[in-house]
Amino acid sequence: MAWAAYLNRSTKLLRDSSIKILRMEGADAPSRAPLTLFRLNSKQDIEQFATGCDSDIGGTSTVHLDLDEHVERNKGSGSTATGRFWGEMRLDVRQELQGRIRGGYAGFRSKPRTTLFGEIVDDVSNHQFLALRLRLGGDPRLRNSYFVNLQTDGPITTDLWQHRLYFQRNDGGWEDVFVCPIHTLTFVRAPTDRNAFKIPFENFILTNTGELVQHQIAMMRERVRTVGISLLGGNSGVSGSYDLGIDSIRAVNEEDVTRPPSIEKDPSHGI
């Protein structure tokens with residue numbers, strides 16, 4: 001299965017590159033059309049991601065990333081199946097490791113997409129925002145502990161670009177939430193039922209092994225390697241059941257917002 005996926009990626013990369021050459025796409029203006037990075041609507045989509053949690057090093061949290069075909073949970077998503085990131089967030093660690101490690105995290109990220117011709121990366125340099133269609137469930141105390149993470153093709157493999165996810169709805173439905181680049185971050189709700197959590201790439205912060213990097217640099221948006229979501233209950237001291245639905249992850253621009261926002265709040269950064 002892994003070898004077949006490897007060959008499929010290689011064939012697709014070769015085909016796409018050949019089409020670009022034949023169409024002379026490099027001579028055209030860069031496209032600003034929405035760019036789908038990942039969808040989570042099939043078993044093959046889910047297999048593109050890896051999961052991890054504190055139990056890997058002695059904690060007690062659990063993590064799952066499954067294909068969710070539950071009709072009620074997918075109502076309003078526009079898809080018959082979506083990804084479901086769920087489990088138990090626990091702060092305890094094994095007794096022999098108490099005081100040595102900290103529990104309270106779980107996450108998933110896309111796997112590196114290697115091919116015969118090198119690794120596939122995404123160029124989002126012509127887009128302003130990262131957009132995620134999400135459904136928030138689980139313990140409401142964990143709603144402010146979710147983060148989205150990007151890894152670029154830089155020299156330090158442990159570097160991650162991170163931004164907190166903010167939610168409005170508390171009824172388990174799919175929602176539209178936008179984060180707009182207005183000097184300081186602005187958090188608003190859009191008046192539709194679909195979820196597009198829009199995040200300006202310029203507002204991501206650089207972290208390394210979970211800590212804020214003192215000297216921030218510009219993100220290499222031309223070469224995004226992986227995308228993921230993490231739940232950091234240990235940072236906020238909160239435990240409980242978590243449940244997050246994910247339909248798609250895209251890069252978009254301001255013109256992709258169909259209606260102006262109506263409510264504004266000033267959130268804070270955090271890692």
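Helices (H or I, at least four residues) and strands (E, at least two) are DSSP runs numbered from the N terminus. The model is predicted, so that local features need pLDDT of at least 70 and side-chain atom pairs count only at pLDDT 80 or more, whereas totals for chains, interfaces and linings use all residues. Residues are numbered from 1 along each chain as its sequence is written, and side-chain values use heavy atoms, with hydrogens and water left out.

Ile246 touches Leu40, Leu65, Thr82, Gly83, Phe85, Phe108, Arg133, Leu134, Trp174 and Ile229, when residues up to four places away in sequence are not counted; contact means heavy atoms within 4.5 Å. Two of these partners, Phe108 and Ile229, also stand opposite each other, the latter in β16. β5 and β16 pair in the antiparallel sense over four bridges, pairing being assigned if DSSP finds at least two bridges between two strands. β16 also pairs with β9, again in the antiparallel sense, over seven bridges, and Tyr146 stands opposite Leu231 in β16. β16 itself is mostly covered, eight of its eight residues being buried, where buried means under 20% relative accessible area, exposed over 50%, and partly exposed in between (1.4 Å probe, protein chains only).

For the chain as a whole, there are four helices and 17 strands, and buried residues make up 45% of the 271 residues. Among contacts between residues at least 6 apart in sequence, 74% join residues at least 24 apart. The chain exposes about 14400 Å², of which carbon and sulfur atoms supply 52%; accessible areas come from the Shrake-Rupley method with a 1.4 Å probe, and for residues only the protein chains shown count as cover.

A local backbone feature is found at Thr209, which has a positive phi of about 50 degrees although it is not a glycine. Thr209 lies in the loop between β14 (205–208) and β15 (211–212), and Thr209 is exposed, with a relative accessible area of 61%.
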